[in-house]
Amino acid sequence: MDAAEIIGQLARAEGRVDPYPLYAQAHRLGPVTSFAEDWVLACGYDSVNRVLRNPAFGVDSDELRRARFGDEPIPDSLSLLGASMLQSNPPVHTRMRAPIASVFTPRRVAALEPAVVGVVERLLDGLGGRDSGDGRGVDFMEEFAYQLPVSVISELLGVPEQDRRPFRSQIHDLSRVLEFMSDDSDLTAADAAARELGGYFATLAELRRAEPRDDLVTALVQLVDAEDARLDAAELLGNLALLLLAGFETTTNLLGNGLALLFDHPSVRAALIQGALPVGDFVEEVLRFDSPVQLTSRTALFRGLDVDGVPLPQYGEVVLLIGAANRDPARFHDPDRFDPWRADNQPLSFGAGMHYCLGAMLARLEARTAFTALLRRFPAIAPAQGAQPVRQDRLLLRGYATLPVDLG
Ligand code: HEM
């Protein structure tokens with residue numbers, strides 16, 4: 001199988017459900033392979049890491065799109081996220097990221113721990129009451145894995161509880177624009193979600209401008225209004241939508257993927273319950289083994305660049321297979337084995353370089369707190385007998401749509 005066939009298979013439903021055999025094929029071709037005149041596939045750990053850290057490879061920003069495609073109209077979803085730091089290159093990226101990053105310092109995130117514990121305990125209280133007793137169990141994704149991160153990020157942003165209900169489907173739709181090889185129906189759904197979310201945050205920003213509170217929306221509105229305006233109005237909305245998107249769909253999937261792996265590895269569950277395995281090591285191996293973000297991409301900003309010797313023209317694209325890099329046999333011993341005891345485990349699941357995930361510490365805190373409390377409260381939690389788990393039909397954001405459990 002050559003690189004073009006691997007990419008083709010990854011874009012199909014079977015490839016999305018289980019991309020790992022295709023990643024193994026990619027490793028056989030080498031860490032970097034070109035698969036069209038201006039496309040390169042990188043699956044090697046060191047190669048992916050190097051491209052992410054090399055500022056000569058940029059993200060697909062508005063500016064870049066204009067340079068490549070002229071003044072073609074930009075769909076609403078791309079224009080909303082295009083104004084966020086995730087889709088900006090320096091110096092715009094540096095200007096936006098610095099003030100927002102100050103909210104996610106280790107000290108600020110550590111201070112959130114009591115609040116995260118509070119949300120976890122409240123959700124676990126609720127879970128027990130939801131099992132109908134008919135064997136179909138409780139959907140862990142709906143009742144817990146989604147609820148925890150959306151509550152935490154909404155509290156940080158200052159989104160009132162009664163406004164959060166539509167977020168799950170809106171964010172699910174908006175993220176379709178980031179999906180690998182998205183099609184027209186993805187774009188239509190993503191654009192509609194972008195208009196709704198953009199409108200929602202514009203109204204919330206006005207409310208906070210009139211009546212400031214101690215929350216992130218207020219802090220970002222003040223950046224827009226300051227004399228040295230570190231953000232403009234479009235960047236405010238883009239970054240608020242990004243924080244919401246990045247803040248929960250990924251973490252939701254980390255929780256679901258982790259629980260499914262616990263079901264498959266009873267000895268790991270026993271070690272966690274006995275305190276013989278640090279929960280942080282378990283979370284790190286879940287991130288490596290079944291990464292909630294499977295890939296990203298970068299564009300060559302200049303002429304004459306290459307990816308580890310494979311040349312790429314200006315504006316050529318590099319597909320960076322994070323999920324494959326995490327299973328690179330040259331970096332991880334026996335990479336297809338789930339082994340939370342492995343040494344020197346540093347998956348690329350949160351990216352690397354200037355776009356390194358701003359919420360990595362928060363996501364780890366949420367996952368550690370969730371698994372510790374879940375196993376303490378429901379040590380015998382198991383897959384429900386009367387219902388099957390269903391995977392999301394996605395490649396980029398990998399997770400479960402439903403994961404029915406019996407709480408034991
Ligand atoms: C398990 C959970 C998470 C995973 C796997 C994850 C993964 C990632 C990855 C791979 C990137 C880099 C994308 C790229 O370089 O193309 C990223 C960026 C980002 N993430 Fe996360 N993320 C998670 C949770 C969070 C949370 C909880 C937040 C916020 C509260 C967050 C906020 C962000 C932001 C703002 C960026 C953009 C940073 C920039 O462009 O400078 N993420 N994330």
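Me: Which protein donor does the iron atom of the ligand have?

Reply: A single one, Cys-357 through SG, 2.3 Å away. Donors here are N, O and S atoms within 2.8 Å of the metal (3.2 Å for Na, K and Ca), and water is not among the atoms, so sites may look incomplete. Bear in mind this is a predicted model: local features need pLDDT of at least 70, side-chain atom pairs count only at pLDDT 80 or more, and totals for chains, interfaces and linings use all residues. Residues are numbered from 1 along each chain as its sequence is written, and side-chain values use heavy atoms, with hydrogens and water left out.

Me: Where is Cys-357 found?

Reply: In the loop between helix H18 (322-325) and helix H19 (360-377). Helices (H or I, at least four residues) and strands (E, at least two) are DSSP runs, numbered from the N terminus.

Me: And how does H15 pack with H19?

Reply: H15 (residues 233-264) packs with H19 at about 40 degrees, axes 10 Å apart. Axes are lines fitted to C-alpha atoms, for helices over the stretch in contact, and angles run from 0 to 180 degrees between N-to-C directions.

Me: Switching topic: is Leu-403 buried or exposed?

Reply: Buried, because its relative accessibility is 4%; the classes are buried under 20% relative accessible area, exposed over 50%, partly exposed in between (1.4 Å probe, protein chains only). Leu-403 touches residues including Phe-140, Leu-259 and Pro-389, leaving aside those up to four places away in sequence.

Key: Contact means heavy atoms within 4.5 Å.
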